[in-house]
Amino acid sequence: MYDFVVVGAGPAGSRFSRSASERGRDVLVLESGEVGRPLACSGHVSLDVWEFVPDDARPELFQNDVYGARFHLEGATGADRREAPDGYTFYKDQPVSNAIDRVGLDETLAECAADAGAEVRDGHTVTRVEEDSGGVRVTARGPDGTETFRGRMVVGADGPRSKVREAVGLPEPDELLHGVLGFDDAPDHRDHVDVHLTVPRFFAWRISGAIPIGPPDRTVGRRSLLVGDAAAQTKPFTGGGILYGMRAADVAAREVDPRQPATLDDYEQAWRAELRRDQRLGHLIRAGYSMPRPVQKAGLRAFSGEIGVHMDRPTSVFSKAQLRALLSWG
Ligand SMILES: Cc1cc2nc3c(=O)[nH]c(=O)nc-3n(C[C@H](O)[C@H](O)[C@H](O)COP(=O)(O)OP(=O)(O)OC[C@H]3O[C@@H](n4cnc5c(N)ncnc54)[C@H](O)[C@@H]3O)c2cc1C
């Protein structure tokens, strides 16, 4: 019997599997497809990501430094462009974030899990999960037919439309947004990201995926727990979930003893404590997206300029200069 049967080898599942294996747990990971594919992510992450991968993987995964963001209210060709050609710019003299190879990140994290001792099986789609007093039974369809695996606990790291969540009867996230990723072959040599509060029109090819916002009231069952997008451990103002999911995965590996189901409640409390302040502030920032244009303009004008922000910790969002601007604006 495995200590944990982990469903999904995305960032949250692989990180949990690595951390749990390093603590001596016996871990099986079941991934329905090929790790990292298909790509449905921009790969835009805070610099914290480098704490989660080996140093020698960095040159392969790194793509770009990003120093800030430029906000546009009327779209790239709208009236606002005439008013403020550069939009409202927030910047730092050091990189704020990086663009990375997201497929490579997932592959690297899964390799780290395997190196730590986890058994990683791709091509296995979990179709059924049952909890009982002695453990869990996880049924998967794989290349050799249907197999059932026994574990002490099951970890739902299977993304926004989590099968595990549904099978064990845990509630859904508050919202499931539709995220669309577009690719443009026009050269772009700038070191900022452009944020359009009205989505501009463009075409190329697109990939879409679900973005869960607002964690469900409960993320643990009798012998089950959710991590990552399955638990909506995401930033409410961007939908980004790579780093929050991995932070919560580490909390899970630390708190949950597979032989002690009562420790599931420790995880429930600990991951919320870890992310609560940043998620709350993230909701407030998101509320700004729906404010009337004049209020948005005044706010962006007041705050634009040099920032002290850490991308994954909006509680760090206000530099001293911005706080002064906020006070004088208020
Ligand atoms: C368009 C778009 C752009 C994004 N851009 C960013 C970004 O720039 N930065 C950022 O931080 N976040 C971004 N995100 C969010 C980010 O992709 C997710 O938060 C992150 O992937 C969540 O990781 P996870 O491990 O929880 O889930 P996932 O990465 O979704 O991994 C879940 C895994 O479970 C597997 N699985 C699902 N069901 C089963 C099953 N029944 N059996 C076995 N395996 C199963 C899937 O194949 C998948 O590999 C973006 C999302 C979208 C949609």
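Okay, let's start with two helices, H1 and H6, which are roughly parallel to each other. That label comes from the angle: H1 and H6, the latter being residues 242-255, pack at about 30°, and anything under 35 degrees counts as roughly parallel. Their axes are 8 Å apart, and the crossing is right-handed. Before I go on, please keep in mind that this is a predicted model.

H1 has another partner, helix H4, which covers residues 102-115. How far apart are the axes of H1 and H4? The answer is 8 Å, with a packing angle of about 20°. By that angle, H1 and H4 are also roughly parallel to each other. Which hand does the crossing of H1 and H4 have? This one is left-handed, while the crossing of H1 and H6 is right-handed.

Now, on to the ligand. There are 31 residues around it, and the ones that come nearest are Glu31, His44, Arg102, Val126 and Asp229. If you sort the shell by class, you get eleven nonpolar, 15 polar and five charged residues.

Let me walk you through some polar atoms facing the ligand. Arg102 is one of the nearest residues, and a polar atom of its side chain sits 2.9 Å from a ligand oxygen. With Ser42 it's the backbone: a polar backbone atom there is 3.1 Å from a nitrogen of the ligand. Ile242 also uses its backbone, with an N or O atom 3.2 Å from a ligand oxygen.

So how much of the ligand does the protein bury? On its own the ligand exposes 1000 Å², and 85% of that is buried by the protein.

Last stop, a couple of backbone details in the loops. Find Pro38, in the loop between strand E2 (27-30) and strand E3 (44-46). Is the peptide bond from Arg37 to Pro38 cis or trans? It's cis, with omega near -5°.

Then look at Ala232, in the loop between strand E15 (224-226) and H6. Ala232 has a positive phi, about 55°, even though it is not a glycine. And that loop leads us back to H6, the helix packed at about 30° to H1, which is where we came in.

Conventions
Residues numbered from 1 in each chain as written. Predicted model: local features only at pLDDT ≥ 70, side-chain atom pairs only at ≥ 80, totals over all residues. Heavy atoms only, no water. Near = heavy atom within 4 Å. Polar contact = N/O pair within 3.5 Å; in protein donor to acceptor, adjacent residues only side chain to side chain. Areas by Shrake-Rupley, 256 points an atom, 1.4 Å probe, with all protein chains shown as cover. Nonpolar A, V, L, I, M, F, W, Y, C, P; charged D, E, K, R; others polar. Axes fitted to C-alpha atoms, helices over the stretch in contact; angles between N-to-C directions. Helix = DSSP H or I, 4+ residues; strand = E, 2+ residues; numbered from the N terminus. Parallel < 35°, antiparallel > 145°, perpendicular 65-115°, else oblique. Left-handed = near helix turned anticlockwise from the far one by under 90°.
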